[in-house]
Amino acid sequence: MNAPNIEYGMLGPILIILGAALIGVLIEAFVSRKYRYVLQVGTSFAAVALAFLQLFLIRHTSSKAAVGSMSIDGAAIVLQGSVLIFGFLGLLLIAERGFQSFTAQAAAIPGSNEEQKALVSGLQQTEVFPLTLFAISGAMLFPAANDLLTLFVSLEVLSLPLYLMAGLSQRRRLLSQEAALKYFLLGAFASAFFLFGSAFIYGQAGSTTFDGIRKSIVESGGSDQFLLVGLALLTVGLLFKVSAAPFHAWTPDVYQGSPTPITAFMAAVTKVAAFGAAIRIYYFAVGGLVWSWRPILIAISIATMAIGTVIAIAQKDVKRVLAYSAIAHSGFLLTGIIALSKDGLNATLIYLFTYGFTTIGTFAILTLVRDSGGEVSDLNRWVGLGKRSPLVAATFTLFLLGLAGIPLTSGFVGKFAIFSAAYKSGNISVVVAGVLASAIAAFFYIRIIVMMYFSDPVEDGTSVVIPSKVTVAAIAICAVATLVMGIYPQPVISAINSLAFFAG
Amino acid sequence: MNPMNYIYLSCILFSLGAAGVLLRRNAIVVFMCIELMLNAANLAFVTFSRMNGALDGQIVAFFTMVVAACEVVVGLAIIVTIYRSRRSASVDDARLLRL
């Protein structure tokens, strides 16, 4: 029996991040408190940079790796690159030390003496860095997985750190812990569905690899009920991760309760990873069953857009508005999967790439608007921000216009690409629903802009803090990306078009 | 014995678990019900492995056990912290985050 051949070069980017995460755990355990923060930040950024370099070197690869359980192809490389970039931006926000976003000791009881003591003496734990790296490695594995087992394990590697990170908020500990509990219980529930679905697909296909499933669908004509039951259950698990209706209920709570840098990271990275995995499953593995899954996804896509946009209007908390906006964007992204064409694949990757920058930027701005009790996310207290801090308000406006998909921002490019792909594939209903939902969504984005600029500020202690260089850098990168990809998107579009293929 | 019977059993276990998640109120019990669902999936994998005459399904079952153990670590950590700060592990009490 021959030992299996592992392509270390092709798996390099993931292995670098995983290795750095393990080193981070060791740093947390053995290095003296004084040096931990510097070392953790250094390790994390070095790992992301190295992984990106390695990814750049292998960018023209297109083959299966690790005995067929991974597929390192153009689509996977674009998605992994996006994950690394958004992970880097998320790490910039997490590394901010000018104000405290994270609890000093996650295990201390809220309001207890221990917590006070840890806070006063500055005993800040830095376990969030290795947790972030684990989440990034899971997010890089997820869209490259080519087998149901790898898919399940990478889903958990991505999710488990996020459950914990949701509970690390410095202010409003109870809310944050509650977000962690909800995210964990619902996430674990969804992954049980995911696994049970995988079992049924395996039962019919006789293989866990996507190639095997694809082959068995071609041979059997895709009429077996096990396969359909399995696909339905697997879809539940995936749709939970991308927060599509009716599995979206956790999103607003978790987005609101988590520390804002984590929300930013989670919003961008999980979306890229989950849609990346979903598109590989629906396009490659079960593409032959398109007549079974397309009608369901169309219904879910329309429902998601409707729920996301309509409920967002009624929200009074900026973070919840953005959470419902993230749900609506999941609906838009599903149209790219429904298209089932090369255009659809290109458009989904472009949309994910542009959306990540904008959404991280929005949440980064949120960390700046504070009062003595921490972040201010009540929408009514954002009134008049444009007069008090014009630059912050202008940047926030740019991001909101990007989320709304107004021309000259990157959001327009993504939306245009994804809706035209769905239109060309003949699915007019989702396109109509998508355009209508975008129009409704524009209302609540613009309402925030109007509130910021056309009302007088109220004096209630709300102010914009001056962030340190890391947050400024993150916001600047996001703003420039949103603007540049809106004005001159051709290089990004053609680069993604030329890379986006699945290894057959 | 017909291996399909084991598939029926796994479906029953899975449904019991799912019903438990939806009906029970204690976070620990909810979590145990999720574990029951994972084990139902394991049983299905092993049975299908037997029916297909291939070993992959059994290997998946081993991986699932490891993943379930990791989930226990993370899940219990979260539930215990919540219990220590609220003196209650009921999922009905966790209702600060609402519209």
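**Close-up 1. A lysine over a phenylalanine ring in chain A.** A charge sits over a ring if NZ of Lys or CZ of Arg is within 6 Å of the ring centre and within 35 degrees of the ring normal. In this predicted model, A:K342 and A:F501 make such an arrangement, with the charged end of the lysine 4.3 Å from the centre of the ring. Look as well at A:R97, which lies over the face of A:Y37 at 3.9 Å from the ring centre.

**Close-up 2. Helices α3 and α11 of chain A side by side.** Here α3(A) (residues 74-94) packs against α11(A) (residues 260-285), with the axes 8 Å apart and an angle of about 170° between them. An angle over 145 degrees counts as roughly antiparallel, so that is how α3(A) and α11(A) are related. On the α3(A) side, the residues making the contact include A:L79, A:V83, A:F86 and A:G90; among their partners on α11(A) are A:I262, A:F265, A:V269 and A:R280. Sorted by class, this contact has 13 nonpolar, four polar and one charged residues.

**Close-up 3. Helix α6 of chain A meets helix α3 of chain B.** This view moves to a contact between chains. The axes of α6(A) and α3(B) (residues 56-86) come within 11 Å and cross at roughly 5°, so these two helices are roughly parallel. From α6(A), A:L149, A:F152, A:E156 and A:Y163 are among the residues that take part, and they belong to a contact whose α3(B) members include B:I59, B:F63, B:E71 and B:I78. The residues divide into 13 nonpolar, one polar and two charged.

**Close-up 4. A stacked phenylalanine pair within chain A.** Over all chains, the structure holds 28 aromatic pairs. In the one shown here, the ring centres of A:F152 and A:F194 lie 6.4 Å apart and the planes meet at 20°, so the pair is stacked. A:F152 belongs to α6 (residues 148-166) and A:F194 to α7 (residues 173-205), so this pair of residues, 42 apart, links distant parts of the chain. Both A:F152 and A:F194 are buried.

Close-up 5. A:F200 and B:F48 form an edge-to-face pair, 5.5 Å centre to centre with 70° between the planes. Because A:F200 lies in α7 of chain A and B:F48 in α2 (residues 27-52) of chain B, the pair joins two chains. A:F200 has 4% relative accessibility and therefore counts as buried; B:F48, at 1%, also counts as buried.

Technical notes. Residues are numbered from 1 along each chain as its sequence is written. Chains are lettered from A and ligands numbered from 1 in the order in which they are written. This is a predicted model: local features need pLDDT of at least 70, side-chain atom pairs count only at pLDDT 80 or more; totals for chains, interfaces and linings use all residues. Side-chain values use heavy atoms; hydrogens and water are left out. Axes are lines fitted to C-alpha atoms, for helices over the stretch in contact, and angles run from 0 to 180 degrees between N-to-C directions. Helices (H or I, at least four residues) and strands (E, at least two) are DSSP runs, numbered from the N terminus. Angles under 35 degrees count as roughly parallel, over 145 as roughly antiparallel, 65 to 115 as roughly perpendicular and the rest as oblique. Contact means heavy atoms within 4.5 Å. Ala, Val, Leu, Ile, Met, Phe, Trp, Tyr, Cys and Pro count as nonpolar, Asp, Glu, Lys and Arg as charged, and the others, Gly among them, as polar. Rings of Phe, Tyr and Trp (its six-membered ring) pair if their centres lie within 6.5 Å; planes under 30 degrees apart count as stacked, over 60 as edge-to-face and the rest as tilted. Buried means under 20% relative accessible area, exposed over 50%, partly exposed in between (1.4 Å probe, protein chains only).
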